[in-house]
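Dear colleague,

I am passing on the structure below, and my notes on it follow directly after it. Please read them alongside the coordinates.

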Amino acid sequence: MNVTRRGFIKISGATAAGIAVSGMGFDLSPVKAHALTLKTKDAKETTTICCYCGVGCGAIVHTGKDKGRVINIEGDPDHVINRGSLCSKGSALSQLAENKNRLTEPMYRAPNSKEWKKVSWEWALAEITKRVKATREATFTLKNEKGQTVNRTTAIASVGSAALDNEECWIYQALMRSLGLVYIEHQARI
Amino acid sequence: MSKSFFIDTTVCTACRGCQVACKQWKNLPAEITKNRGTIENPADVSFNTYKVVRMREEVIDGKLRWLFFPEQCRHCIEPPCLDTAGDKSAIFKDDATGAVIYTAKTKGLNAKEIIESCPYNIPRKGKNGALAKCDMCLDRVQNGLLPACVKTCPTGAMNFGERDEMLAIANKRLGEVKKISQAARLLDADDVRVIYLVAYNPELYHKFAVASVDNLGITRQTALAKMFRPVKNIASGLV
Amino acid sequence: MTNHWIDLKNSDCILIMGSNAAENHPISFKYVTMAQQSGGKVISVDPRFTRTSSKADIYAPLRSGTDIAFLGGMIKYILENKLYNEDYVVNYTNATFLLNNDYAFKDGLFSGFDPQKKSYNKSTWTFVNDEKGIPKRDLTLKDPRCVINLLKDHYSRYDLALVSKITGTPEANLMEVYKAYAATGEKGKAGTIMYAMGWTQHTVGVQNIRAMSIIQSLLANMGVAGGGVNALRGESNVQGSTDQALLWHILPGYTNIPKASQASLDVFLASIKPESKDPMSVNWKQNYPKYAVSMFKSFFGENATKENEFGYHLLPKPDDGKSYSWLDIFDEMYKGSIKGFFAWGMNPACSSSNAGKVRKGMAKLDWMVNVNLFDNETGSFWKGPGMKPSKIKTEVFMLPAAVSVEKEGSITNSGRWMQWRYEGPKPLGNSKPDGDIIMELGNMLKEAYKKDGGQFPDPILKLKWDYMTNGKYDPHKIAKEINGYFLEDATVNNQAFKKGDLVPSFVFLQGDGKTSSGNWIYSGSYTGKGNMSARKSQKDVASNIGLFPEFAWAWPVNRRIIYNRAAVDMTGKPNDEKRWVVKYTFEQKDGKYVPGKWEGDVPDGPAPPLQNPDGTPRADGKHPFIMQKDGLAAIFGPGLADGPFPEHYEPMECPVEKNFMSGQLVNPTAPVYGTDADTFATCDPRFPYVGTTYRVSEHWQTGLMTRPQAWLLELQPQVFVEMSEELAKLKGIKNGERVKVASVRGAIECTAVVTKRFKPFKIGDSIVHEVGMPYNFGWRWPVSGKEESPNLLTPSTGDPNTRIPETKAFMVNISKIKRG
């Protein structure tokens, strides 16, 4: 018999008779005579595949209705590889998403500057486009020393990324190759 | 009906998914740690850390063994801490599961006395004066989910379920492990709801792997005397 | 992986060597544990006793960089004790092929070596063909020139005492491992290998894996459940991103990149179409031209026409014979020839070997675009240790990317399973999915070239770029493009298709421009039946070996175990009746056997097996290894840069003056770079200890996606160096104190972890100490700035085939830090 996650809940049956308190160690409210409520109750559930190693474990992401942010990520019991389990990194996935150290704005560092400056996406992408075009224009090679057609620039290199989705990878390499890059490399080489 | 954990240390890889899953589910903050010449961290359980995988390097019969021991509250069947507290609004036992639960009212208890009463040296006092430790993820269990640490364990080191089921698995695994290591045993199986299987002398794993009175005050000795009651050995009877 | 994660449970013996699966692929141990509890043996071979070793039945230490000596000894043991599976070796491998009479091996060098060019002329590494052009075989294995006998000759030198002298592995340990593993050659037994960067990051990286492939072929472990050659991929989509060709030398689906000398499409297509004269060889790669043309249709859409050779000339061409790999990029950057640089979800300032050279190179750039979740040592290189921001002109754009749980799309795990994931929360703040960043940048570049023109704007203007829906990147559109479409009404293989239909699989792809497919190996992943990678069925196959064929989707064609036709005997009967992967049932008609069907996993091609059930040969039977030109497993592998058989060479930096195996100390074809930052110190008393790097379970790669996380930093807060109690005593180092570890290229401060898990090696007549460091650290996180990357110490040399750097074996010194 295949016991799925939801099946497990049904089989074991939530006991409603327990005497417990919410927020153990923190809450001063009196002992309540009903079962505790899960923090994930009413949260949106989506499935994901862990972004760390190559095992490809499934996880369930609980996104809170109020703030629209992750409130819990745990292993997906219906995933046939990990069956609900996760290692230390996988168990910390929610802290990857909800992390005050994350970059949330494009930033720019000018030549010889000591600091980052917050910039807009529009500005950043427009400026990057200018840089790419300028470098490409200055260095584009139609023919190599032997006179063979090469249509490339070797003055721009791009590395990345095993952290991209397949679909992102495909358009990424297509774009880079269309620009004439041959220096295209990523994690598989190191 | 009551619940128990079975922790099979022989298949624990110390991936420490359990340590993080516990913090993740309970939103517990990380501690500031340093490498102390071992990768075991944090150094001990605390008000914010209910679970620590102990790691010990031991040469046993000429062979190096790296012993892992995912430590946590044992949810004693007759919890000395509960008796010591004598205040069911602060420490009580959940009837359905047997989980030993600490509430915010532990603030009013004599923390030192409670900690000393624990044969496994588990409860810890927070800045606000309250005590904390593993609560068996009672919220999850009441809603039909496994405790976070059990759910996340990849190898079957962490198990949770009906007590008789857990004892049956524990004894089955004990039989298998005994074929490899004669010293294999279940730890205090009759007295706790967190039953460990170890392959070697438990003291090699952790000072408090089995109920201990070493270096501790009189409270704990009293507690222990009480705990090891002269009744029939339920668990060992099954061996 | 030829097999997949769940399949590990089916193994009778799991060799974990060149990887530390319990720590770096923790969930794999669910299945390793299952195998062990079903009676399987687990072997851990590692310089250091790890969490993997702690669970192994057998642990054997070896000095870093000596795996070929270790495995060569096993090949010798298998051959001399006749423990190989003779049926399999004769019928399914090239062991029977006769070799060119001029092929030779002498004192560490194969025939054809050119010392000037440091490379081989491989013209003697060939087989003797018959009059039809098919390799001649000696099915009795008696001819002294047949592959297996030359294999025997080659490894006859790898005797136990010599192997032990090189590896430092005690002879008893070697024998214990050889016996346990070779036992899987028995019919119905399966042995598998779990390897990772511990094998690839060497100047002999590819040959480490070749050595194991030879063992797997000898022991009939390819194609079977619980067998195979299994690379444990370290990143969630390093398999997929490699499949999609984020590498200089290939296009999606492992099509070779067109070279400068290939002046026309036809020349290029001919170069990717191997030829076999053997009617029994499927030689699948002969279909590559169809896949390439379909791929060009995906690149350039309607702009790829027969007239313009399907846009062939729109692609850039690297020069013949030149390498454009990772090491080359940073060498060129250091030399100043690279002006612009993108780092997408990467952290080369910590992940690259010789990271000091890399960081200095970055200071020579005009501009850098760094796309990541967190600020990292790459984007902020200009304010890193030893850098003077006022002197660094590089402009840096740092773009905030969304976390995986904030976006939709697929990734491919090590077992080749393509799995779809969904958007949970929206991207945090103003972060964006990489897909949106790429699409928007592409739009702006197209716009810029459309508006103002420029040098050869055609590829940019003609690139098919219609993958947005309502102004947002749409992964479904691209997933379908990768799968492929019929671009015209067509009837293929007796099936009629309409223009716009999704291609059911690569079997339907055409070379005339009537179909598209961004990546042929993914053809079949998103079809008329829907998104196959999103499937969640819990149903297993009849043999319950854990294939779960309707859960997600595996390339190619949902095949879960590659080369599965080698899991059956010549008549199609499984060698392992219980854990069978595929089996063939013939039908009978008028007293004759006629083709029937395969059951189980998707077989490697529909052709019937080589023999009828009564043992009579079949003219329509095919060899099992369909991706090999000759249809057979390559025990003799003529395709590599450094030899057709693996040979032990010392790492570029090593603790011995002489290779005990031959007069050739290091791999003669290993690349060496020539800048002042490319220094080496071999047998140098200043750097007497072997150094190696690895990861810890609690951090990931350079730690960029784990070091900013408090819960993980709590578990592993600091970079450390592990060393034996003996070495610590020798150096007066106390456990837990901070020490300096230095190579000729750089130095870092680490916390000393003095442990029983490292032991000194006896190499020849000397005692050699080895130390190891996790490369998961860097100065940006934790914020103390004191936990630096061990890659500041590692060298920029690598494997001659792949140019993967040799970060697993180099020489260091270790010293106490005098404070105050």
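Over all chains, a search of the whole structure gives 55 aromatic pairs, where rings of Phe, Tyr and Trp (its six-membered ring) pair if their centres lie within 6.5 Å, and planes under 30 degrees apart count as stacked, over 60 as edge-to-face and the rest as tilted. The rings of Phe105(C) and Phe110(C) have centres 4.7 Å apart and planes at 55°, so this pair is tilted. Phe110(C) is buried at a relative accessible area of 2% (buried means under 20%, exposed over 50%, partly exposed in between, with a 1.4 Å probe and protein chains only).

Tyr254(C) and Trp555(C) also form a tilted pair, at 6.3 Å centre to centre and 40° between the planes. Tyr254(C) is partly exposed, with a relative accessible area of 28%, whereas Trp555(C), at 11%, counts as buried. One aromatic cluster is formed by Phe97(C), Tyr103(C), Phe127(C), Tyr155(C), Tyr158(C), Phe636(C) and Phe645(C).

Two charges sit over rings (NZ of Lys or CZ of Arg within 6 Å of the ring centre and within 35 degrees of the ring normal): Lys133(B) lies over the face of Tyr102(B), 5.0 Å from the ring centre, and the charged end of Arg48(C) is over the ring of Tyr694(C), 3.5 Å from its centre.

Please note that this is a predicted model, in which local features need pLDDT of at least 70, side-chain atom pairs count only at pLDDT 80 or more, and totals for chains, interfaces and linings use all residues. Residues are numbered from 1 along each chain as its sequence is written, chains are lettered from A and ligands numbered from 1 in the order in which they are written, and side-chain values use heavy atoms, with hydrogens and water left out.

Best regards
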